[in-house]
Amino acid sequence: MDMKKYAAEAIGTFWLTFAGCGSAVIAAGFPHVGIGLVGVSLAFGLSVITMAYAIGHISGCHLNPAVTVGLAAGGRFPVGQILPYVIAQVCGAIVAAELLYMIASGAPGFDVTKGFAANGYGAHSPGQYSLVACFVTEVVMTMMFLFVIMGSTHGRAPAGFAPLAIGLALVMIHLVSIPVTNTSVNPARSTGPALFVGGWALAQLWLFWVAALIGGALGGVIYRWLSEEPGGIVAGVKTA
C-alpha cells in the first residue's frame with residue numbers, strides 16, 4: 001500500500017514539474033501567441049488541481065517536500081513517512097525535467113543555460129532581486145500555501161473543494177513571485193531543472209530547499225495553533 005502512495009507522489013510531482021516548467025520553457029515565450037506569466041501561473045495551478053482529484057485519495061497529493069514537512073509540522077501527516085514521500089517527489093521531478101529537456105532540445109537554438117525554468121536569486125532572478133528578497137518571498141509564499149492546504153483539507157472545510165483552493169493559491173503565488181525567483185515554493189520542482197542547468201542553478205538550489213521547508217513548517221504550525229481540533233491525516237488511503 002505504501003509503495004502505491006510513493007508511486008502516486010512520483011507521478012503527481014512528475015506532472016506538476018513537466019506541465020508547469022514545460023509551460024515556461026516551451027509555451028511562455030512562443031512568438032506572437034506565447035502564454036506569458038499568467039499562462040505559466042495557471043499551468044502550475046491546474047497541474048495541482050488535476051492531480052489532487054486524480055491521486056488525492058491515494059497519497060494525499062503533496063507533490064512537494066515543503067508540503068509534506070508542513071503537514072507533519074501541523075500534525076496532519078506521520079513524521080515517519082516524510083523521507084519516502086520526499087524521495088518519491090524528487091524522483092518524479094527529475095524524470096519530468098529529463099523528458100522536458102529531451103523535448104525542448106529538439107528545437108533549433110535551444111540553450112539550457114538560459115534558464116530551463118530553474119529558480120535563482122541575484123543575477124539569476126528574473127527581476128534581479130537580492131538573495132534576501134528572494135529568501136523572504138519563498139518563505140512567505142510557502143507558508144501561505146501550507147496555510148491554505150491545512151485549512152482547505154480540514155474536516156470542517158467544504159467537502160470536495162480543497163483541490164480548487166490549493167490550485168488557485170498556487171496560481172496566485174506564481175502571479176506574484178515569478179519575477180522574483182521564477183517561483184519555487186517546491187524543492188523537488190527546483191531540483192529537477194537545476195540538475196540540467198548545472199552551475200549557478202545547483203549553487204543556488206540550497207535557498208529553494210531551506211526557504212520552502214521553513215515556510216512550510218511555519219504554515220503548518222500556525223494553522224495548527226489557530227485550529228487545534230484534529231483535521232485528519234492528509235495521506236490518502238489508510239496504510240496497511
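Does L131 count as buried, partly exposed or exposed, and at what relative accessibility? L131 has a relative accessibility of 34% and therefore counts as partly exposed. On this scale, buried means under 20% relative accessible area, exposed means over 50%, and partly exposed lies in between (1.4 Å probe, protein chains only).

## Basis of the report

The structure is a predicted model, in which local features need pLDDT of at least 70, side-chain atom pairs count only at pLDDT 80 or more, and totals for chains, interfaces and linings use all residues. Residues are numbered from 1 along each chain as its sequence is written, and side-chain values use heavy atoms, with hydrogens and water left out.

Helices (H or I, at least four residues) and strands (E, at least two) are DSSP runs, numbered from the N terminus.

L131 lies in helix 5. Together with V132, V136, V140, M144, W206, V210, I214, L218, I222, W225 and L226, L131 makes a nonpolar surface patch of about 1100 Å². The elements that give two or more residues to this patch are helix 5 and helix 9 (205–226). Helix 9 gives the most, with 7 residues.

Patches are made of residues with over 30% relative accessible area and no salt bridge; like charges are joined within 9 Å, and nonpolar side chains (Val, Leu, Ile, Met, Phe, Trp, Tyr) within 5 Å. A salt bridge is a side-chain nitrogen of Lys or Arg within 4 Å of a carboxyl oxygen of Asp or Glu. Accessible areas come from the Shrake-Rupley method with a 1.4 Å probe, and for residues only the protein chains shown count as cover.

## Helix packing

Helix 5 and helix 9 also pack against each other, at an angle of about 40° and with their axes 7 Å apart. Helix 5 is therefore oblique to helix 9. Angles under 35 degrees count as roughly parallel, over 145 as roughly antiparallel, 65 to 115 as roughly perpendicular, and the rest as oblique. Axes are lines fitted to C-alpha atoms, for helices over the stretch in contact, and angles run from 0 to 180 degrees between N-to-C directions.

The axes of helix 4 and helix 7 come within 8 Å and cross at roughly 40°, which means that helix 4 is oblique to helix 7. The crossing of helix 5 and helix 9 is right-handed, and that of helix 4 and helix 7 is right-handed. A crossing is left-handed if the near helix is turned anticlockwise from the far one by less than a right angle, and right-handed if clockwise.

## Positive phi angles in loops

Most residues other than glycine have a negative phi. A117, however, has a phi near 65°. This residue lies in the loop between helix 4 (82–104) and helix 5 (131–152), and A117 counts as buried because its relative accessibility is 10%.

N182 has a positive phi of about 75° although it is not a glycine. N182 is placed in the loop between helix 6 (162–181) and helix 7 (187–197). Its relative accessibility is 21%, so N182 counts as partly exposed.

## Buried residues in helices

S47 is in helix 2 and counts as buried because its relative accessibility is 2%. S47 and A19 are 28 residues apart in sequence and 6.5 Å apart in space, C-alpha to C-alpha. G39 also lies in helix 2 (residues 36–59), and at 16% relative accessibility G39 counts as buried. The C-alpha atoms of G39 and A28, 11 residues apart along the chain, are separated by 7.1 Å.

I82 is found in helix 4 and is buried, with a relative accessible area of 19%. Its C-alpha atom is separated by 7.8 Å from that of A72, 10 residues away along the chain.
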